Amino acid sequence: MFERFTKDAREVVRGAVVDCRRTGVQTVDAEHLLLALLEREGSRASFALAALGLAGRRESVRGALSQARRRAGLTRADADALAGLGIDVSEIVARVEEVHGVGAMSGDRKDGSWWSGRRPSFSRGAKDVLERSLRVALAHRDRHIGDEHLLLALTVLPGVPAEVLADHGVTYESVTRVLYGDGQEEAKAG
């Protein structure tokens with residue numbers, strides 16, 4: 001599949017690995033792919049993000065991803081569902097962080113020495129994004145997988161990246177409109 005990735009898409013994957021290593025975590029997540037997309041310039045995805053007003057709001061996206069990571073990766077919908085059962089996620093986070101420190105529920109492992117020289121692995125969520133990007137490209141009849149397809153995949157798959165992007169006005173439909181015009185919104189890859 002990677003042979004179909006454009007240079008820009010490969011750079012996003014490399015950027016996600018670099019971000020993962022920089023933060024000292026074991027696994028590349030979908031969030032790392034989103035952060036790597038935000039760093040791109042001069043690509044189709046960066047054009048779409050700029051057209052949708054996200055280029056100047058990178059720190060807001062980073063902050064929202066950081067908050068979700070502190071909640072152990074739960075989306076607001078997850079937290080709301082748990083609240084319906086009488087479970088206050090923010091209270092649990094506060095108590096855990098009181099005892100173990102800020103970010104204790106994020107699952108991040110800050111000691112990078114355990115893997116010196118080893119490549120980080122990709123989480124199921126990151127693999128899902130990569131696989132979905134192929135389906136998105138095929139649905140749009142594109143021959144290669146570009147960083148725009150990674151962005152579209154992030155908007156389609158349920159989870160924190162899609163929630164954060166939607167909160168910032170970036171949805172599958174809005175990105176599709178910017179990249180392909182009005183005629184291809186129905187090409188959503190299921």
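Helices here are DSSP runs of at least four residues and strands are runs of at least two, numbered from the N terminus.

**Figure 1. Welcome to the whole chain, a predicted model.** By that count, the protein chain holds ten helices and two strands. Starting at the N terminus, the order of its elements is α-β-α-α-α-α-α-β-α-α-α-α. The chain has 190 residues, and 41% of them count as buried. Among contacts with a separation of 6 or more, 68% join residues 24 or more positions apart.

**Figure 2. A look inside the largest nonpolar core.** In soluble globular proteins, nonpolar side chains tend to be buried together. Here the largest such core has 43 residues, and Leu33, Val129, Leu150 and Leu151 have the most contacts inside it. Two or more residues come from each of helix H1 (7-23), helix H2 (30-39), H3, helix H4 (58-70), H7, H8, H9 and H10. The top contributor is H2, which gives seven residues. To get your bearings, find Leu150: setting aside residues up to four places away in sequence, Leu150 touches Phe5, Ala9, Val12, Leu37, Val129, Leu130 and Ser133.

**Figure 3. Where H8 meets H9.** Two packed helices are described by the angle between their axes and the distance between the axes. For H8 and helix H9 (residues 160-167), the axes come within 7 Å and cross at roughly 95°. Because angles of 65 to 115 degrees count as roughly perpendicular, H8 is roughly perpendicular to H9. On the H8 side, the contact is made by Leu151, Leu154 and Thr155, and on the H9 side by Pro161, Ala162 and Leu165. Sorted by class, this contact has five nonpolar residues, one polar residue and no charged ones.

**Figure 4. Helix H10 and what covers it.** In helix H10 (residues 172-180), the buried residues are Tyr172, Ser174, Val175, Thr176 and Leu179. Their cover includes helix H3 (44-51), helix H7 (124-139) and helix H8 (147-156). Follow the chain just past H10 and you reach Gly181, with a positive phi of about 85°.

**Figure 5. Arg141, in the loop between H7 and H8.** Although Arg141 is not a glycine, its phi is positive, at about 60°. Is this residue buried or exposed? Arg141 counts as exposed, because its relative accessibility is 74% and the cut-off for exposed is over 50%.

**Figure 6. Asp29, in the loop between strand S1 (27-28) and H2.** This time the residue is covered: Asp29 has 16% relative accessibility and so counts as buried, the cut-off being under 20%. Which residues does Asp29 contact, leaving aside its neighbours within four places in sequence? They are Arg69, Ser123 and Ala126.

**Figure 7. Lys127 of helix H7, with Ala30 in view.** Lys127 sits in helix H7 and is partly exposed, with a relative accessible area of 39%. In sequence, Lys127 and Ala30 are 97 residues apart. In space, the C-alpha to C-alpha distance between Lys127 and Ala30 is 8.0 Å.

Technical notes: Residues numbered from 1 in each chain as written. Predicted model: local features only at pLDDT ≥ 70, side-chain atom pairs only at ≥ 80, totals over all residues. Heavy atoms only, no water. Buried < 20%, exposed > 50% of the residue type's maximum accessible area, 1.4 Å probe, protein only. Contact = heavy atoms within 4.5 Å. Axes fitted to C-alpha atoms, helices over the stretch in contact; angles between N-to-C directions. Parallel < 35°, antiparallel > 145°, perpendicular 65-115°, else oblique. Nonpolar A, V, L, I, M, F, W, Y, C, P; charged D, E, K, R; others polar. Core = buried A, V, L, I, M, F, W, Y, C linked by side-chain atoms within 4.5 Å.
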